[in-house]
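Open the model in your viewer and keep the selection panel at hand.

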Amino acid sequence: MAIFCADVIVIVTCIILFTLFNIQRFGTDKVGYLFSPVVLVWFISIALIGIYNIITKDPSVFRAFNPYHMYEYLSRNKKQGWISLGGIVLCVTGTEAMFADVGHFSVKSIQQVSHHKLSKVDGCSSTDGDVCALKCADRVYWPMFVVATGAAIIASQAMISATFSIVDQAMTLGCFPRVKVVHTSKRYAGQIYIPELNWLMMVLCIIIAAGFRDTTQIGNAYGVAVVSVFFVTTNFVTLIAIMIWQVPLWIALPCYALEGSVELTYFSSILYKVPKGGWVPLLFVAFFFTVMYTWHYGRVKKYEYEVKNKVSLDWVLGLGSNLGITRVPGIGLVYSELAQGVPTIFSHLISNLPAIHEILVFVCIKNLPVPNVPDEERFLIRRIGPKQFRIFRCAVRFGYRDLLARNDVEFEEQLIQNLGNFIKTEVQSLQEHPVGSDASQLQKLIDAEWGNEGEVPSSAIAEAARTLSRGSPDDLEDPLSQTGIRPMDFRRAISVEPAVEEELNILDASKHAGVVYLLGHTDIRSHKKSSKFRKFLIDHYYHALKRNCRASTISLNVPHERLLQVGMIHYI
């Protein structure tokens, strides 16, 4: 009969876990509204039961506030008392999940919850649901059992939401492979849902529940995880207080010694339970640490290589107005993570293809921590090189809610419209702010160098402009176009309006010819002289993560039928 009951408990637990993870897609708001009545009933019930037990059974429980009883307990039980500290600390668990969920709620909500939690601790002698349930009368035992089970489910919900937040922050820092993030709230950026992670956690939780079949071992695993979080957080907060907040050492170190000594005591106790189920969180930590470290290391090395080997403006200008190849009708959108400079994919592309699009735009996507970005502030466009090159840079900014409604056709229309407005704005800026001393000095430099020798090479114009604009934040862009001044033909005066009309006609013709998305399909490889560990890390582990994470084309919402990927290999 006992075995049958254990089997039933495991089956019911698995069903509850399956249901809990399946409702996550509705968002924290809707799940919170579903569980909030249960939480209210739970808090009121344990408070009333605690008051009832204190009055009718043992008012002397308040003596537990006296620190002497702690000393007396440890001196009487010695080693067993020290071991029991790992179970005692579970009475205060849940606070770490509450603060990890700050992104899901407002600051005022967290403050109110903290106040009520303190009031509950002062008013109720027991913070353990099982004790409260066992101390109540038999006639309310089963109702309290149901409420306590619901409260335990809600505690699991807090940990799930916290995991979503932590993984999202890790992705923002480039420390976790790309996964799909669904924002479920227009008001709070932190209310998110990650499908892949949700199903992975569900499978792991069911395996642990069905594998252990013992709440003691599961409690040991949970205790190791929680106490480790306490101790690690204290260490990091101390470093932040000293290095970021500039808190004096004479304040930070005593606080660290006080908090750290208490947490280290609990931590030393919980390590005794590592062989009894506590090894599970340590195994997960080791696995996810290697995943995060490998992904971050590969991404950093790839970005450093691209920054170091980005194409210089002299090389681009040396290609001439047609870039040394045939310009075909159409618009090419070259995606790159570089906010400044010409990526290496461009040189690799024109070195292997005999043609490139009439208009070329280097697109850099920036995701901002705001719900929406107004359409008039979404696109930031600059010109690269002389006007006849027809090369532009465009930084596109999205809020976390904009990504949900993003459409490739609408995106192309907005980009082309803003590109046309930029071409017109150049003329307006020139008319409102005529070319001043900088352009005059630039003309003088060119005349002094070339005189009347005919057409001036574009490289000479770029060099003269660079001489006048030392310290420019982006020396790869035309320095005059950064200020909104139209690039000029310094050999002869021409009418502005016909040139702009011609460029707008080219833009319209290119729009009807079609838009093509150019993405770099870059692989990184380790050098032959690299160590075996580095070869395994880069050539095998990082590539396995990259193959199994969300593709960049999906993240950028690029239409597959108009995608052109350029393969490259970087040796690091």
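Select helix α3 (residues 67–77) and helix α4 (residues 79–88): they pack at an angle of about 120°, with their axes 5 Å apart. Axes are lines fitted to C-alpha atoms over the stretch in contact, and angles run from 0 to 180 degrees between N-to-C directions. Angles under 35 degrees count as roughly parallel, over 145 as roughly antiparallel, 65 to 115 as roughly perpendicular and the rest as oblique; α3 and α4 are therefore oblique to each other. Show side chains next: Tyr73, Leu74 and Asn77 of α3 meet Lys79, Gln80, Gly81, Trp82, Ser84 and Leu85 of α4, with contact meaning heavy atoms within 4.5 Å.

This is a predicted model, where local features need pLDDT of at least 70, side-chain atom pairs count only at pLDDT 80 or more, and totals for chains, interfaces and linings use all residues. Residues are numbered from 1 along each chain as its sequence is written, and side-chain values use heavy atoms, leaving out hydrogens and water.

Now select Leu333 and Val361, which have the most contacts inside the largest nonpolar core, a set of 25 residues. Such a core joins buried Ala, Val, Leu, Ile, Met, Phe, Trp, Tyr and Cys residues through side-chain atoms within 4.5 Å; buried means under 20% relative accessible area (1.4 Å probe, protein chains only). Among the elements giving two or more residues to this core are β3 (326–335), β4 (355–367) and α15 (408–432). The largest share, 6 residues, comes from α15.

Definitions and conventions:
Buried means under 20% relative accessible area, exposed over 50%, partly exposed in between (1.4 Å probe, protein chains only). Helices (H or I, at least four residues) and strands (E, at least two) are DSSP runs, numbered from the N terminus.
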